[in-house]
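I opened the notebook with the model on screen and looked things up one at a time. These are my entries, in the order I made them.

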Amino acid sequence: MLENVEEPDPVVRVRGLRMRYGSTDVLRGLDFDVRAGEVVTLLGPNGAGKSTTIEILEGFRERSAGEVRVLGVDPARGDERWRSEIGMVLQSWRDHGKWKVRELLAHLGAHYARFSEPGRRRPIDTDELLATVGLADRRDQRIASLSGGQRRRLDVAIGIVGRPRLLFLDEPTAGFDPEARRDFHDLVHRLADDEATTILLTTHDLAEAERLADRILILAAGRIVADGSADQLARRVAGRSEIRWTRGGERFVHSTDDSVAFLRELLGAPGEEIHELEVRRASLEDTYMAMVHQHEDGPLPGRTRVEGVPA
């Protein structure tokens, strides 16, 4: 007989989280967990409560109500050792432009040496870190002379120099060119897979969310209206599939609630051979827009209703 094995405590545990500014409720009872090694993306329109949620988890803002545990500690009471386990890549930060890149990373990394543990060396070696974020050839360059994309790579290096257990990324690839963005995505996957780093990120780039996230949380009007993988969320949208095909040199498009039945009929019908057959189901963007509009405005004319989400 198999024994019951208890799951480890989540890295982030949130229950009934509320935040009010004056008479305005910004967060209205959030409940979610983030497990060790997960990459979780927080999506939502401006004003949905994403930044407030992250600031509370980081310990920078007091909540109005609810229970929050980050690495087993109330972030409002986290000490220096607790904070050393958390890395942050903010949208922007003020730095010392006269510092050289390697010099600054070595200086910041020295803070984490006293928190090293057997099998977990801290900080990450400075030259190894520079190679990881693609700044090895800029090691002796002054920060003020870096390009926007290079500055963003430095932001990422600062966030992970202490080999954190939990990493917060706020719009991490803003200003990245396509190659830098791809390299960053590979880095996130390595951190999660090789270092077991838990990552919570915000982004407005839905393609980035779909590529990086194990789970996606969608916030609207201060509530979590969806929680799941991109595929799971897409399957929750009760929408029509769009089928495109070419026959006899003519292009056809058809929308249907039952794509399987329509395809059987289409492929079994007499006539010329069908080419360029494409079935388009709901994308993450379709899902995101449907859920946000349904929750904030109620179902709109022609708007897909989302199963399992209160109107």
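**Entry: a residue pair across two strands.** I started at Glu242 and found Ser255 of β11 opposite it. The model is predicted, so I kept confidence in mind as I went on.

I then looked up the strands around that pair. Strand β10 covers residues 241–247 and pairs with β11 in the antiparallel sense, over seven bridges. What is the strand order in this open sheet? It runs β11-β10-β12, three strands with antiparallel pairing. I noted β11 (250–256) and β12 (274–280) as the edge strands, each pairing on one side only. From one strand to the next, the twist averages 15°.

**Entry: aromatic rings.** I searched for aromatic pairs and found two in the structure. Trp245 and Phe252 are stacked, with 5.4 Å centre to centre and 15° between the planes. For the rings of Trp245 and Phe262, I read 5.7 Å between centres and 55° between planes, so this pair is tilted. This second pair links distant parts of the chain. Trp245 sits in strand β10 and Phe262 in helix α9 (residues 259–268), 17 residues apart. I logged Trp245, Phe252 and Phe262 as one aromatic cluster.

Trp245 has a relative accessible area of 8%, which is under the 20% limit, so it counts as buried. Phe252 comes out at 29%, so it counts as partly exposed.

**Entry: the other sheet I checked.** Three strands form an open sheet in the order β2-β1-β4, with antiparallel pairing. I counted five bridges between β1 (residues 12–21) and β4, in the antiparallel sense. Arg15 stands opposite Glu67 in β4.

**Entry: nonpolar cores.** The largest nonpolar core has 31 residues. Those with the most contacts inside it include Val101, Leu105, Leu129 and Ile199. Among the elements giving two or more residues are α3 (101–109), α5 (148–160) and β7 (198–202). Helix α6 gives the most, with six residues. I also found a second, separate core of 26 residues, which includes Val26, Val34, Val70 and Leu217.

Leaving out residues up to four places away in sequence, Ile199 touches Glu38, Val39, Val40, Leu167, Leu169, Val188 and Leu191.

**Entry: a buried arginine.** Arg163 lies in the loop between α5 and β6. Its relative accessibility is 13%, so Arg163 counts as buried.

**Entry: confidence.** The protein chain has a mean pLDDT of 86, and 89% of its residues reach 70 or more. Where is confidence lowest in the protein chain? It is lowest in helix α10 (residues 284–297), at a mean of 72, while β4 is highest at 98. Over residues 298–311 the pLDDT is below 50, and this stretch has 30 contacts in the model beyond near neighbours in sequence. Where pLDDT is low, the predicted coordinates should not be read in detail.

Methods: Residues numbered from 1 in each chain as written. Predicted model: local features only at pLDDT ≥ 70, side-chain atom pairs only at ≥ 80, totals over all residues. Heavy atoms only, no water. Pairing = 2+ DSSP bridges. Helix = DSSP H or I, 4+ residues; strand = E, 2+ residues; numbered from the N terminus. Axes fitted to C-alpha atoms, helices over the stretch in contact; angles between N-to-C directions. Core = buried A, V, L, I, M, F, W, Y, C linked by side-chain atoms within 4.5 Å. Buried < 20%, exposed > 50% of the residue type's maximum accessible area, 1.4 Å probe, protein only. Contact = heavy atoms within 4.5 Å. pLDDT = per-residue confidence, 0-100. Phe/Tyr/Trp six-rings, centres within 6.5 Å; stacked < 30°, edge-to-face > 60°.
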